[in-house]
Amino acid sequence: MTAALTLLIATRYPIPAVPLYILVGLGIGVGDLIEPGTTLDLAQLGIAFLVFAFGVSAEPSRFRSVARDSEHVAAVQVLVVGGIGFGIGLLFGLDPIPAAYFAVAAALSSSLVGRELAEGEIRLDLIHGRLTESIHFVQDLFAVGIILILGTATFTLDGVALQLGYGVLLLAGAILIRVYLFGLFVRLSGDSDELIMLTGIGILIGFLALAELLGVSIVVGAFAAGISITQEFEHNLALLSALESIENFFTAIFFVTLGSLVVAPTVTVLAMAGTLVVGIVIVKPLVTAWALIYQGYDPRTAALTSFSLDQISEFALILAISGLLVEAIPQSLFDAIILAAAATMVTSSVTYTYEDRFYRVLDRIGTFGSARERTRARSSIPDQPLEDHVVVVGYGKLGSSIVSICRQLDKPVVVVESDPDRFELAREFHETCVFGDAMNDDVKALVAPDRADLVVSTAPDRPVSDRLLSWETDADVILRADDTETAIELVDAGATYVNVTDFLASEQFGRTLAELIGADASPEELRRENYRS
């Protein structure tokens, strides 16, 4: 009931729910309202379902373009941050196995918290949203392997190989169901929302049972169950709505339980937890940002992505719980990991809220100085000064259409793009391109907005829109918004025109429907007209 009231408060006011849940859990833990064994069982069940929900929501087709970069960055994160964490664990006097648990806690990030924080960027298909989701997905694959290795009853080559084999079997089965069987299950369910929902839950229960039978963590089974379900099918709204409701319930259970596991720390626990927090909040984002810059991303994209990875993973928590139950780690290390997890999941909300401010601070102190020169060198700008040109921010479908229209009208265009793949595509077809984020001052200097005729943004990103409106220019400024309320605010702030894609699409659909009903045109004529437009 307390968690429900907390969710109501978080929904009613612009307050992140996660810190409130953890505070509620702290109160429950202080009052000894739940038995410790029950708390651990609840935590494992909550983590398992949330891992399943993340697997369902992760559609690889959305982040296929950044998958290879994400693999490299996740590997660097695990090797560098995990390696540092392992060394520090040994310095704290831990044996190699507990030190490995310490390293995993430092290296892996929470898919649940990261996806929740970056939900808007993911939905709007912004580059750092895609990177965040992709890196979390790759990290979770790494985490499955780590859980299988550390969950081995006996650390022999045969034992580890057997556990990894079971994990591969579960994931292979999930992929086979996703590719060949899930569509069949949906068709057999017909149009029944209830049957579709039960199909998804049934798959989860089946994989959990198989994981128990094989003797591997139920979290591995839950993750496999999640990736066996694709969102790309008709009538998927019933399944997604049902999962969202259950996910909200288990989110509350998980974070309240996490808070209740926090105990009064000893000096040793405080030292280990504090070291973890510093590594996760400061070291890990810096390592991630520089790994992304090395892969070719601009500093702001790299920084914003790294700020969504500064917390402890659910997989690290399930490892800590299982490690404590089999006495593989001491109580002090378990308490330190739980305390650091609670702290970083709170600080992560703060980091996300003020991510642009933190980025500007890092930029001002010269953190990305050399990276600026490297990204600037990728831009292609003519030697003669730009005059009476159009600045197009973003080279997706809309941006490429705008550029084509400008070229037909013989109007000079400057394309600004921070996605490396899209930038290379733009440069293939257009000679004047600037690589970087429109939020950066060096990008502004290269595109010369004071001498432009028109500035067009194709991304419904409010910070970028506000930044373009702050440019000193007499050019018309056309922006894009995700809703009419934001569009009105941007027009009031000085935008010449704001494109609300859903609103325009609904208007177009209304006109088409009226023409069809009014018999002013045949369906064939309407199709031909809409195809041409």
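**Entry 1: a lysine and its partner**

I began with lysine 411, which is partly exposed, with a relative accessible area of 28%. I classed residues as buried under 20% relative accessible area, exposed over 50%, and partly exposed in between (1.4 Å probe, protein chains only). The model is predicted, so I note that local features need pLDDT of at least 70 and side-chain atom pairs count only at pLDDT 80 or more, while totals for chains, interfaces and linings use all residues. Residues are numbered from 1 along each chain as its sequence is written, and side-chain values use heavy atoms, with hydrogens and water left out.

I then looked up the partner of lysine 411: aspartate 453 forms a salt bridge with it, the closest N and O atoms being 2.6 Å apart. Aspartate 453 lies in the loop between helix 21 and strand 4 and lysine 411 in the loop between helix 19 and strand 2, so this pair ties together parts 42 residues apart in sequence. Aspartate 453 is also partly exposed, at a relative accessible area of 36%. I took as a salt bridge a side-chain nitrogen of Lys or Arg within 4 Å of a carboxyl oxygen of Asp or Glu.

**Entry 2: other salt bridges**

I found a count of nine salt bridges by this rule. In one of them, aspartate 437 is joined to arginine 300, with the closest N and O atoms 2.8 Å apart. Aspartate 437 sits in the loop between strand 3 and helix 21 (441–447), and arginine 300 in helix 14 (residues 299–306), 137 residues apart. Both aspartate 437 and arginine 300 are buried.

Arginine 467 forms a salt bridge with aspartate 441, where the closest N and O atoms are 2.1 Å apart. Arginine 467 belongs to helix 22 (residues 462–470) and aspartate 441 to helix 21, 26 residues apart. Aspartate 441 is exposed, with a relative accessible area of 56%.

I turned to the secondary structure and found 25 helices and six strands in the protein. Helices (H or I, at least four residues) and strands (E, at least two) are DSSP runs, numbered from the N terminus. In what order do the strands of the open sheet stand? The six strands have the order 3-2-1-4-5-6, with parallel pairing; two strands pair if DSSP finds at least two bridges between them. Strand 3 (433–435) and strand 6 (497–500) stand at the edges with a single partner strand each, so one side of each is left without a neighbour in the sheet.

Strand 2 (residues 413–417) pairs with strand 3 over three bridges, in the parallel sense. Valine 416 has valine 434 of strand 3 as its bridge partner. Helix 20 (residues 420–429) packs on the sheet and touches strand 2 and strand 3.

**Entry 3: the cores**

I looked next at the nonpolar cores, each a set of buried Ala, Val, Leu, Ile, Met, Phe, Trp, Tyr and Cys residues joined through side-chain atoms within 4.5 Å. The largest has 86 residues, and those with the most contacts inside it are Phe52, Phe255 and Leu317. Apart from it lies another core, of 24 residues, among them Val414, Met439, Val443 and Ala487. For the protein as a whole, I recorded that buried residues make up 50% of the 533 residues.

Methods: Contact means heavy atoms within 4.5 Å. Axes are lines fitted to C-alpha atoms, for helices over the stretch in contact, and angles run from 0 to 180 degrees between N-to-C directions.
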